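Have a look at the model first.

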Amino acid sequence: MTQQEIEVILARHLAEYLTVPIFMVNPDGDLLFYNEPAEAILGSRYSETGAMPARELAKTFHPMDGEGNPILLEELPIVIALRERRPSHRDLWIRGLDGVSREIEITAFPLVGQADRFLGAIAFFWEIAK
Amino acid sequence: MKVTFWGTRGSLASPSAETVRYGGNTSCVAVEGSAGTTLILDAGTGLRNLGQSLPTDLKRVDILLTHLHMDHIQGLPFFAPLRRPGVEVHIWGPASTTLSLTERLQRYLSPPLFPVSVRDLSENLHFHELPGKLPGQFIEIGEFSINAQLIIHPNPTIGYRVQCADTALTYMPDHEPALGEQTFPHEREWTSGYALAEGCDLLIHDAQFTNEEYKSRVGFGHSSIRQAFQFAELTHVKQFAPFHYDPAHTDDDLDRMLAEAVAELHPSYKMTPSREGLTLEVDC
């Protein structure tokens with residue numbers, strides 16, 4: 001059986017203890033984990049969603065700008081962090097799996113481990129209070 | 001492979017009449033291969049005695065450091081082969097994001113903390129940084145193939161899986177796989193050290209604390225004896241050697257704590273407590 005890299009395990013532990021919504025993907029963009037606060041915004045429990053490719057993520061959560069225009073996959077902060085290996089931040093709307101649309105702010109960072117090993121990306125996000 | 005324990009204690013050398021059976025020297029294990037290659041796992045205070053036992057015609061020795069905490073490097077300047085002309089000493093260990101392995105060792109091995117600088121120890125000293133950039137990368141040393149991966153312990157710390165043909169030894173002297181877990185053991189995929197230990201013939205693993213001690217030392221980077229037994233069960237090892245004993249635990253304490261763990265957990269593997277001077281033959 002494969003085992004996650006230690007930095008990824010530690011990042012998940014941190015995410016499990018923080019009350020800030022956090023979302024993690026592996027270098028291929030596949031969903032690795034999101035924490036309980038993120039479940040409230042994404043409208044689904046991680047245990048029900050499970051691993052999911054990046055393309056599916058975009059389809060699943062229907063990201064849109066403030067005027068209702070769809071946001072391209074490559075414009076999403078988590079995808080920018082993953083592909084360009086730099087931090088990225090923006091506001092956007094998503095529709096959770098519970099069918100509710102929410103405005104959120106996302107900051108995503110590439111996850112780079114010891115010896116410059118690229119391990120994926122992590123996104124911190126926040127629902128904007130109405 | 002032949003595995004000999006030269007130091008089994010954690011944190012601080014603890015020689016006394018009460019630690020004479022399990023030993024008072026800090027982490028150091030020798031691994032000898034069937035073709036004569038010698039590996040040394042960590043350079044705690046046990047390294048001094050080990051160095052004196054090595055054959056005088058030794059040409060090369062490799063020291064694999066898990067990390068650079070004092071109890072794992074303190075024996076280094078007292079390693080006799082460093083002063084023998086013609087002996088190549090290779091030191092493998094973790095770098096940091098900002099300093100090389102040599103620079104990190106230099107912080108301890110230089111005045112005023114130590115009178116001799118690391119670069120003056122030997123002209124035939126070679127440093128190698130781990131882990132490599134590629135996941136699952138193996139180092140080949142003689143008849144051994146070694147997998148080095150980061151494991152949970154403060155500051156970058158490496159666990160080793162030393163493979164010889166179909167035989168594997170896993171060495172994780174300082175390891176807290178239960179850190180952050182609500183229940184332990186948890187999912188294998190998300191357990192630190194799982195890939196290194198899975199199905200190995202001999203697991204040498206941190207067994208520093210009692211359950212009670214662990215409660216007030218979460219995050220120190222060590223396991224309770226119970227957690228170590230559970231990790232061994234999770235990873236389906238064939239034999240488990242508890243290691244890195246707390247300096248406060250006497251021989252009698254360890255006898256009692258290990259017996260209690262066996263009685264409570266009924267391990268499916270063979271449990272052999274590590275003790276200074278013990279040699280285990282693991283098929284190779």
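A residue counts as buried if 20 or more other C-beta atoms lie within 10 Å of its own, exposed if 12 or fewer, and partly exposed in between, with C-beta atoms placed from the backbone. This is a predicted model, in which local features need pLDDT of at least 70, side-chain atom pairs count only at pLDDT 80 or more, and totals for chains, interfaces and linings use all residues. Residues are numbered from 1 along each chain as its sequence is written, while chains are lettered from A and ligands numbered from 1 in the order in which they are written. Helices (H or I, at least four residues) and strands (E, at least two) are DSSP runs, numbered from the N terminus.

**Strand β8(B) and its partners**
- Six of the eight residues of β8(B) are buried, so the strand is largely enclosed by the rest of the structure.
- On one side, β7 (residues 138-141) of chain B pairs with β8(B) in the antiparallel sense over four bridges; two strands pair if DSSP finds at least two bridges between them.
- Within that pairing, B:Phe138 sits opposite B:Asn147.
- Strand β9 (residues 157-164) of chain B also pairs with β8(B), antiparallel over seven bridges, and here B:Gln149 faces B:Gly159.

**The two hairpins**
- Two residues separate β7(B) from β8(B), and B:Gly142 in this hairpin takes a positive phi near 55°.
- Five residues separate β8(B) from β9(B), with B:Asn155 in the turn at a positive phi of about 70°.

**Helix α1(A)**
- Buried residues of α1(A) include A:Ile6, A:Val8 and A:Ile9.
- The buried residues of α1(A) pack against β1, β2, β4 and β5 of chain A together with β8 of chain B.

Conventions: Two residues are in contact if their C-beta atoms, placed from the backbone, lie within 7 Å.
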